[in-house]
Every structure is written in structure tokens, then in C-alpha cells.
Amino acid sequence: MPELPEVELISRSLDKLIRGRKILTGQLLRARLAPHTTPRKFASALADATVNFVGRRGKHILIDLDNEKTLIVHLRMSGRFSLLPMEEDEPKFTHARFHLDGDEKLVFDDQRHFGLMRIVATAKLHEAKELAKLAPEPFSDEFDAAYLHAALKSSKRSLKEFLIDQTKVTGLGNIYASEAMFQARLHPAMRANKVSRPRAALLFDSIRAVLQAAVGSAELLKVDPRNLEGNYFSQSGDPQWFVYDREGSACVNCKTPISRLKQGGRSTYFCRNCQKR
Ligand SMILES: [Zn+2]
């Protein structure tokens, strides 16, 4: 599943490609991609709308239109966009097609069928249930060490589960949560409310550093912007994780083999020597 840095890059790429372009028609080919509407309403909400810009909130891509509507897209496991010449064949699991001016089409395909789209009035975007409960953006001023410490204090869950809860911290998934805890030297199974103020400050810096590095390194890759695939890292060879997916490999810091722990049904990777409760 793409994490926040990848979604950020996809929304930036989309913005470059479709900002200012007109959607001639929008076709919902798989009704369940947009369960709040019908293919007919979907088409009429998008017809002849021009894209003001493409943005992001959490892992949601926001396509802001000049008809005062916003298309919210969540890629989930395998959703991806491609911009293709009108006559070109489409990916097998194409679930939505946007015919653009200039004889091109933006297609959304999704092999795993978990992607979601919804069209909302832009004025009520902040009330949309997908967005209303999200924590502050990791690079916004609202998200700071004091916010993080206060949020940690209010939770009795494990630190790992706290970090991937998008209502507490926006933008950390399984990969970056593990990496941030390693950088901050915090044990993933410790209780969130046991993280002291100085350690919360260190964790805050680690979260920003990990996400910034991910956005930065992916930006350097020569990714074809015409194929806006979710997983940029698969195209770069081996990703440079310190602990994620490195069970049994030597810790870069102390050479102890990296451990794996199951939390909430998902794997967390950590160094049992470096990361303390
Ligand atoms: Zn270590």
C-alpha cells in the first residue's frame, strides 16, 4: 500500500499533468469504486469540469474542480493512475476513465479492487468523513512536538498502533512507523502514554526526517510521470530501510539481528538492543 510520501508524489505528478485541463467525460466503470454515487451521477458531476489543482490530505488525493466539487481518491492497496493517448489500450482492471481535452485519457486501474472515489462539494470538503478525523499533516505547523506529546499522553495503546492511527498522526504507515521508532530508539510495544516529553520531541524529529527522506529519495528517481504507479520504490531496486523488512539482518547501529513483532495483525521491525521502553 502506498504510504504518505508516495501519495504526495503521485498527487504532485498528477497536478503537473492535469492541472488546468478539462474533463470532457468521467466514466465510472466499476460502480463500487464510488459507492456513494451512481455511474450516471458521477458522469454528470465531472462533465466539462476543469481541474483547478491536485492536492492531498493524509493518503487521500484531492482533485479540485472548477465546478465547486472535489474528487477524493484513495488508492488503497493497488489503485493507480495512468495518462494515456485516447486510442491506447487500458490496463485490465480499469475502473474509471476520464476523457481529457487534448485527446488523452486519465485511467484509474486497481487490481485488488479496494480503491475508493467520492465527489463532494469543495466547500464541505473538511466535513467529509474521510478527512474530518485526520490528525494534522506531518509537515504543517499544527503538528509539532507539543502536539505529539499531548496525543501520546492520551493513548494507552502500543506506540506502533498509536503511530499508524491516522487520527493521531497523519501519514505514517507500517514502513515509516517502524523507521521512525528506530530513529528515535523507542520500543514499538511500549505504551504510547509512557513516552516522555524529551523522547516525544525526538520521535517528532524522527517522523519528519523519515517522511522527508522518503519524499526526497523518491523524487530523485527517474519515474515516468505518465505512469503514476503507487509503488515508486519498486523501481529503484532495494529500498534503504534501516529496520523495515530486515528481520535477522544486522542492525546498522549495533549489529544485533533485527526482530519482528506482530501488532494488530501487522509486522513491526525493530532492534531489541537499540530500542528501549
Ligand atoms: Zn541496534
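User: Why is Glu 88 called partly exposed?

Analyst: Glu 88 has a relative accessibility of 39%, and because buried means under 20% relative accessible area, exposed over 50% and partly exposed in between (1.4 Å probe, protein chains only), Glu 88 counts as partly exposed. Glu 88 is placed in the loop between strand S5 (79–85) and strand S6 (94–100). This is a predicted model, in which local features need pLDDT of at least 70 and side-chain atom pairs count only at pLDDT 80 or more, while totals for chains, interfaces and linings use all residues. Residues are numbered from 1 along each chain as its sequence is written, and side-chain values use heavy atoms, with hydrogens and water left out.

User: Why is Arg 197 called exposed?

Analyst: Arg 197, which lies in helix H7 (residues 197–220), has a relative accessible area of 57% and is therefore exposed.

User: What label does Phe 114 get from its relative accessibility?

Analyst: Phe 114, in the loop between strand S7 (104–110) and strand S8 (116–121), stands at 39% relative accessibility, so Phe 114 counts as partly exposed.

User: What makes H1 mostly covered?

Analyst: Of the 15 residues of H1, 13 are buried; H1 is followed by Gly 20, whose phi is positive, near 80°.

Methods. Helices (H or I, at least four residues) and strands (E, at least two) are DSSP runs, numbered from the N terminus.
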